[in-house]
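Subject: Structure for you to look at

Hi,

Here's the structure I promised to pass on.

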Amino acid sequence: MNALGPTLSVKGLTKVYGRRPTLLRRNPHRLTAVDHVDFDVAAGETLGLVGESGAGKSTVGRLVLRLIEADEGSINLLGTDIAELSRMGLRRMRSHATMIFQDPYTSLDPRMLIKDSVAEPLIVHTDDSRATRYEKAFELLQRVGLDPAHMERFPYEMSGGQLQRVAIARALITDPSFIVCDEPVAALDVSTQAQVINLLNELQQERGISYLFISHDLRLVRLIADEVAVMRHGRLLEIGSAEKVFTDPEDAYTRELLAAIPGRSPRQRRFTAASFT
Ligand SMILES: Nc1ncnc2c1ncn2[C@@H]1O[C@H](COP(=O)(O)OP(=O)(O)OP(=O)(O)O)[C@@H](O)[C@H]1O
Ligand SMILES: [Mg+2]
């Protein structure tokens, strides 16, 4: 693993859906969802990936973990060209690079106890005994702000905010260096959103994790991102430090997105946690 370079480096990343020809010879649903995208995620930092619905954000998130295959471009994750990884290598990579999804109700198995959902990645990635697995799950659940009684519950017995904490604990249990957070708080109410964002920030400080934080909500991105990339119709329009993109955006579309944030006057140049809630 390369400790010096960026955690993730993406060049010319392209994904075309509907590449398979249909009876019409040319598939009318063919769509370049991600179009020659370049970006890096620096070690221990957060890149916020923003843009409207359908921009290709989730597709980028899936591509960089090779949950789906790219059509073009290169992805270097933790010093490894992931296109070169064997099935086993990819499996190993999945303990270092994980994902948190938008909806914890669908990302967690409804039939599994919370403790089993959180501990499960350890079965795949370690030789830990059952007792050790539960011990780690227990510690992590406490760390994300849940209490021991929650271990023995099923997902339907938890609130959305609690469940998203469970999903975070599950993503963290193998001690990853990189996490793709795809709209991780979109399903939560505003005050719970702020709490979960704070938790992600704290965990980053403690563990030096890098995040690719995907969101259409610029207020949230402002609370977590060091760098911001703006995406539209599969292309990256702009990328830069959060400070720069939020206060002095280059692209007209970025300015449009910023202007659309409710309660933000054009003159109000800075966001604070207070202005968010
Ligand atoms: N499996 C698929 N097959 C065909 N087209 C797809 C597939 N997944 C996504 N798309 C299309 O690719 C485009 C980008 O989708 P993607 O889910 O990456 O957008 P997004 O930016 O994450 O949007 P949202 O903010 O709504 O989550 C969309 O037009 C979508 O319809
Ligand atoms: Mg999405």
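This is a predicted model: local features need pLDDT of at least 70, side-chain atom pairs count only at pLDDT 80 or more; totals for chains, interfaces and linings use all residues.

Two or more lining residues come from each of helix H2 (87–96), strand S6 (97–100), helix H4 (114–125) and helix H6 (160–172). If you sort the lining by class, you get 11 nonpolar, 4 polar and 4 charged residues. As for volume, the space in this pocket comes to about 490 Å³.

Next, the charged pairs. The model has 14 salt bridges in total, and I'd point you to a few of them.

The part I'd open in the viewer is around Arg143. Glu202 makes a salt bridge with Arg143, with 3.0 Å between the closest N and O atoms. Glu202 sits in helix H7 and Arg143 in helix H5 (residues 130–143), so this pair ties together parts of the chain that are 59 residues apart in sequence. Arg143 also forms a salt bridge with Glu206, at 2.6 Å from N to O. That pair again links distant parts of the chain, with Arg143 in helix H5 and Glu206 in helix H7, 63 residues apart. Through these shared partners, Arg143, Glu202 and Glu206 end up in one salt-bridge network.

Another salt bridge joins the side chains of Glu69 and Arg66, at 2.9 Å from N to O. Here the two partners fall on either side of the 20% cut-off for buried: Arg66 counts as buried at 17% relative accessibility, whereas Glu69 is partly exposed at 44%.

While you're at helix H7 (residues 190–207), check Gln204, which is also found there. Gln204 has a relative accessible area of 7%, so it is buried. What does the side chain of Gln204 reach? The backbone oxygen of Glu45, at 3.4 Å. Beyond the neighbours within four places in sequence, Gln204 is in contact with Gly44, Glu45 and Thr46, and also with Ile209, Ser210 and Tyr211.

You'll find Ser215 in strand S8 (residues 210–215). A polar atom of the Ser215 side chain lies 2.9 Å from the backbone nitrogen of Asp217. Setting aside residues up to four places away in sequence, Ser215 touches Leu49, Val50, Gly51, Lys57, Glu183, Leu220 and Val221.

Glu183 from that list has a backbone feature of its own: a positive phi of about 50°, although Glu183 is not a glycine. Glu183 lies in the loop between strand S7 (178–182) and H7. With 9% relative accessibility, Glu183 counts as buried.

Leu78 has a positive phi as well, again about 50° and again without being a glycine. The loop holding Leu78 runs between strand S4 (72–77) and strand S5 (80–81). Leu78 counts as buried, with a relative accessibility of 7%.

Last one: Thr59, in helix H1 (residues 57–64). Thr59 is buried, with 7% relative accessible area. Which residues does Thr59 touch, not counting those up to four places away in sequence? They are Lys15, Tyr17, Ala33, Val34 and Ile68.

Cheers

Methods: Residues are numbered from 1 along each chain as its sequence is written. Chains are lettered from A and ligands numbered from 1 in the order in which they are written. Side-chain values use heavy atoms; hydrogens and water are left out. On a 1 Å grid over the protein atoms alone, a cavity is a set of points where a 1.4 Å probe fits but cannot get out, and a pocket is an open set with protein on both sides within 12 Å along at least five of seven lines; lining residues have an atom within 4 Å of a point. Grid points are joined across faces, edges and corners, and a volume is the space filled by probe spheres set on the points. Helices (H or I, at least four residues) and strands (E, at least two) are DSSP runs, numbered from the N terminus. Ala, Val, Leu, Ile, Met, Phe, Trp, Tyr, Cys and Pro count as nonpolar, Asp, Glu, Lys and Arg as charged, and the others, Gly among them, as polar. Buried means under 20% relative accessible area, exposed over 50%, partly exposed in between (1.4 Å probe, protein chains only). A polar contact is a pair of N or O atoms within 3.5 Å; within protein, one must be able to donate a hydrogen and the other to accept it, and residues adjacent in sequence count only if both atoms are side-chain atoms. Contact means heavy atoms within 4.5 Å. A salt bridge is a side-chain nitrogen of Lys or Arg within 4 Å of a carboxyl oxygen of Asp or Glu.
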